[in-house]
Amino acid sequence: MAFIVRAEMNLSPSRKFMKAMALKIGSTAPKFVLPSTGGKTLNSELDLKGKAFVLYIYPKDFTKVCTAEACEFRDQFEAFRDLDIPVFGISKDDIPTHEKFKKENKLPFDLLSDQGGKVCKAYDALIPLIKMPKRITYLIDKDHKIAAVFSDMFESKGHIQSMLKNLEK
């Protein structure tokens, strides 16, 4: 599956930087264990063994672009479900905040809490200095290799479109 690159010539240096960092296609996806909505814990190595999945990392619940992105994943969820591809959102928000966000936006997928930012860091998804998660989405194949990535801090719909396009291949 191909790496999605969006050529944008007129980006500011800071926006180019936020788009450029990502794990490389074909590299092994970092393993993680994180608390999840619904009172569960997700262990990527055990719970997702032999399964492809989408992992989208975002800055914060209840912000405009993050809400738009979550709702776009919600609205396109059936396409992922039909392909048997689970979707998980990760931010540094705590589980009670995630539960409220999930309920308010009727999200049919789980949100994972990475309060310490270790998983975000492992996925090259932390903005240096301020340690805020970037908006980046990974398609991880059944062997837990990075199959596709889309990174754009200010775009919400492109993440979903990119993942669905790569799943069609």
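Mentor: Asp143 pairs with Lys142 in a salt bridge, meaning a side-chain nitrogen of Lys or Arg within 4 Å of a carboxyl oxygen of Asp or Glu. The closest N and O atoms of Asp143 and Lys142 are 3.8 Å apart. Both residues are exposed. Here exposed means over 50% relative accessible area, buried under 20%, and partly exposed in between (1.4 Å probe, protein chains only). This is a predicted model: local features need pLDDT of at least 70, side-chain atom pairs count only at pLDDT 80 or more, and totals for chains, interfaces and linings use all residues. Residues are numbered from 1 along each chain as its sequence is written, and side-chain values use heavy atoms, with hydrogens and water left out.

By the salt-bridge rule, the count is nine. Now take Asp110. Lys40 forms a salt bridge with Asp110, with closest N and O atoms 3.0 Å apart. This pair links distant parts of the chain, 70 residues apart. Lys40 sits in strand E2 (residues 40-43) and Asp110 in strand E5 (residues 110-113). Strands are DSSP runs of at least two residues, numbered from the N terminus. Lys40 is partly exposed, at 44% relative accessible area. Asp110 is buried, at 14%.

Lys102 also forms a salt bridge with Asp110; the closest N and O atoms are 3.0 Å apart. Lys102 and Asp110 are both buried.

Terms used. Helix = DSSP H or I, 4+ residues; strand = E, 2+ residues; numbered from the N terminus.
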